[in-house]
Amino acid sequence: MNLFEYYKNTFMSLIDYIDLNQETKNKISVEIPKQSLHGDISFNAPLIIGSFIKKNPINLAEEIKNLILKYNDDFEKIEVAKPGFINLKFKKKTILNFLLKIDNNFGFLKDINYKKINIEFVSANPTGPLHIGHCRGAVYGDVLSNFLKYCGHEVTKEYYVNDYGNQIILFVKSIYFRILELLEQKKFPENKGLYPGEYIIEIAKDILKKIKFENLKNFDELSPILIKNGIKIAINSIKNDLKKLGIEHDTFVSESNIVKNNLIIKAIKVLKLKGDIYEGILPKPKGDISDWEPRKQLLFKSTNYGDDIDRALQKSNKSWTYFANDIAYHYHKLNRNFDHYINILGADHTGYIKRLCAAVNALNSEKKFEIKISQIVKLFKSGKPYRMSKRAGDFILLKDLLNVVGKDEVRFMMVFRSSQSPLDFDFDVITDRSKENPIFYVQYACARLHSLFKKTNFKIEVSIDDVNLNLLRDDKEINLIKKILEWPRIVNLCHKNYEVHHIPYYLYELSSEFHSFWNAGKQNESLKIIEHSNQDITKSRLFMLQKLFLVLKNGLNILGVKISKEM
């Protein structure tokens with residue numbers, strides 16, 4: 001039950017005499033005015049339709065306003081506002097009727113096409129532990145997956161393991177030299193592009209617990225066993241860190257298996273048949289590239305699909321480029337028959353979007369594919385950039401962050417802003433036990449609700465019958481109900497854009513309304529939630545708070561955050 005959609009449909013039925021195309025209809029909406037003094041909801045149809053039928057929007061607004069007044073009795077006030085809006089304020093009885101209609105399906109989307117969706121996220125190279133740079137995309141991917149499941153879609157959470165290529169060779173060499181350091185006291189080499197972090201020492205020690213090496217002289221002979229064990233240990237470490245963050249992927253796809261199964265050749269063949277592969281010379285890259293030489297190489301016609309330039313598929317030694325392997329991986333993905341594919345990449349992959357979208361479009365233009373970018377996170381403490389540790393090299397480990405502030409705090413705050421915008425993670429805010437800390441304020445609302453119901457004979461999740469909602473007359477009560485009724489709009493907004501930051505921000509606003517109502521009861525005896533002298537008003541207020549808790553519970557479950565019963 002979405003009151004915004006309900007009134008859009010109601011108002012549109014009053015003006016069905018105007019012939020509109022679907023594009024125009026899609027632009028019409030019922031929203032919340034930016035300023036509360038303008039009313040509870042605002043209808044933009046006069047502005048949209050006026051432009052379409054060449055009629056003055058204000059005159060059209062007056063015409064529609066009169067129709068609403070004639071056929072609808074839900075509003076206390078209806079006003080026309082420039083440049084062509086109709087602002088409406090509900091009667092209290094209207095708000096209370098909507099509250100009464102809230103059930104356990106409140107917020108669930110109707111009339112949507114349920115899809116099989118593949119979401120790939122994190123996919124960090126298994127050459128080291130997860131750090132703060134991976135954290136935001138990890139939480140965003142997991143919360144988006146939870147949200148789409150809540151909406152009824154079938155979701156597969158996927159991790160692409162980049163266990164092939166030069167970075168793996170350097171990773172394994174790093175392990176090898178650490179083993180030599182541990183067993184033969186040979187100094188770890190410098191300036192060889194190796195991974196110097198202490199975690200490599202831990203991996204080397206783990207391998208030495210399982211394997212007794214008789215001869216360490218030949219790296220090439222040892223390489224296969226070091227790769228197998230090193231990658232396994234690294235991936236298990238990543239899985240453990242993700243689990244601490246509340247994340248478990250459904251499937252892990254190995255790049256080395258993609259290469260081993262010749263999927264690159266198969267994908268290239270598909271593109272060749274479409275005429276999208278050719279031999280050519282790329283233009284000289286911008287900047288001072290002194291060692292650049294023009295040479296013929298195998299190229300993908302990505303410019304046919306919106307990219308800026310065509311892309312190389314082979315290096316000078318005829319080995320495949322990283323991009324060629326990525327094409328093969330997405331060829332493998334597309335053959336698994338999902339309806340919708342979503343990749344969540346870090347901010348450093350922004351320049352990769354066009355070529356990857358071009359490749360997927362060339363392989364199968366009928367599949368829906370999109371890339372979401374998770375922007376950077378900056379840590380602050382006492383107003384200054386904050387570095388927690390450098391145990392793993394020049395980055396902050398995810399597990400260190402979790403140890404300091406906790407899983408719930410990290411999950412909530414990592415999606416508190418749009419993934420498209422940089423995020424400042426302030427330790428002073430997140431450790432503060434006040435309204436300034438959004439996650440604390442939301443969990444505190446849950447704890448207060450549980451505390452309230454413990455003092456009564458009612459259960460917080462067992463619906464109260466025979467309530468007289470007309471007893472809810474105060475503006476604090478009505479404002480809280482209005483905010484509760486926004487939940488379906490928030491769900492719809494998140495589903496439309498696949499952006500989940502609307503949820504934690506809304507939960508914070510909703511909790512603020514509740515705390516305001518709670519505090520009003522301390523100042524005004526008539527607003528106390530548990531009114532011992534009037535059981536009917538107590539029941540009505542508890543009924544309202546049950547609906548509040550339903551929304552908080554659903555929202556926090558989507559975020560993967562604990563519902564606190566006490567604090």
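# A guided reading of the predicted chain

Of the chain's 567 residues, 53% count as buried, where buried means under 20% relative accessible area, exposed over 50%, and partly exposed in between, with a 1.4 Å probe and protein chains only. The model is a predicted one, in which local features need pLDDT of at least 70 and side-chain atom pairs count only at pLDDT 80 or more, while totals for chains, interfaces and linings use all residues. Residues are numbered from 1 along each chain as its sequence is written, and side-chain values use heavy atoms, with hydrogens and water left out.

The chain has 21 helices and 15 strands; helices (H or I, at least four residues) and strands (E, at least two) are DSSP runs, numbered from the N terminus. Its C-alpha trace spans about 85 × 60 × 40 Å along the principal axes. Contact means heavy atoms within 4.5 Å. Among contacts between residues at least 6 apart in sequence, 71% join residues at least 24 apart.

The interior comes next. A nonpolar core is a set of buried Ala, Val, Leu, Ile, Met, Phe, Trp, Tyr and Cys residues joined through side-chain atoms within 4.5 Å. The largest such core holds 148 residues, of which Ile41, Phe43, Met414, Phe425, Trp487 and Leu545 touch the most other members. Helix α21 (residues 535-559) supplies the largest share of this core, 12 residues. When residues up to four places away in sequence are not counted, leucine 545 touches Leu449, Leu452, Phe453, Leu480, Phe514 and Ile529. Another core, of 33 residues, lies apart from it, and includes Val259, Ala267, Leu363 and Phe369.

Trp487, one of the residues with the most core neighbours, is also among the buried residues of helix α19 (residues 487-497), together with Pro488, Arg489, Ile490, Val491, Cys494 and His495. These buried residues of α19 pack against α1 (3-14), β1 (30-31), α6, α18 (475-484), α20 and α21. Tyrosine 498 follows α19 and has a positive phi, near 55°. Helix α20 (residues 502-523), one of the partners of α19, contains serine 512. Serine 512 counts as buried because its relative accessibility is 15%. Leaving out residues up to four places away in sequence, serine 512 touches Lys435 and Tyr441.

Two packed helices are described by the angle between their axes and the distance between the axes. Helix α6 (residues 132-150) packs against helix α15 (residues 407-414) at an angle of about 80°, with the axes 9 Å apart. The axes are lines fitted to C-alpha atoms, for helices over the stretch in contact, and angles run from 0 to 180 degrees between N-to-C directions. The two helices are therefore roughly perpendicular; angles of 65 to 115 degrees fall in that class, with those under 35 counted as roughly parallel, those over 145 as roughly antiparallel and the rest as oblique. From α6, Ile132, Cys135, Arg136, Val139, Asp142, Val143 and Asn146 meet Val410, Arg411 and Met414 of α15. By class, this contact has 6 nonpolar, 1 polar and 3 charged residues. Here Ala, Val, Leu, Ile, Met, Phe, Trp, Tyr, Cys and Pro count as nonpolar, Asp, Glu, Lys and Arg as charged, and the others, Gly among them, as polar.

Helix α6 also contains serine 145, which is buried, with a relative accessible area of 0%. Apart from neighbours within four places in sequence, serine 145 is in contact with Ile119, Phe121, Val155 and Lys157.

Charged pairs complete the account. A salt bridge is a side-chain nitrogen of Lys or Arg within 4 Å of a carboxyl oxygen of Asp or Glu, and the whole structure has 25 of them. In one, aspartate 73 and lysine 91 bring their closest N and O atoms to 2.7 Å. Aspartate 73 lies in the loop between α4 (57-71) and β3 (75-81), and lysine 91 in the loop between β4 (85-90) and α5 (92-101), so this pair ties together parts that are 18 residues apart in sequence. Aspartate 73 is partly exposed at 47%, and lysine 91 is partly exposed at 23%. Another salt bridge joins the side chains of lysine 407 and aspartate 408 (3.0 Å, N to O). Lysine 407 is partly exposed at 30% relative accessibility, whereas aspartate 408 is buried at 9%. Finally, Glu31, Lys483, Glu486, Arg489 and Glu509 are linked in a network of salt bridges.
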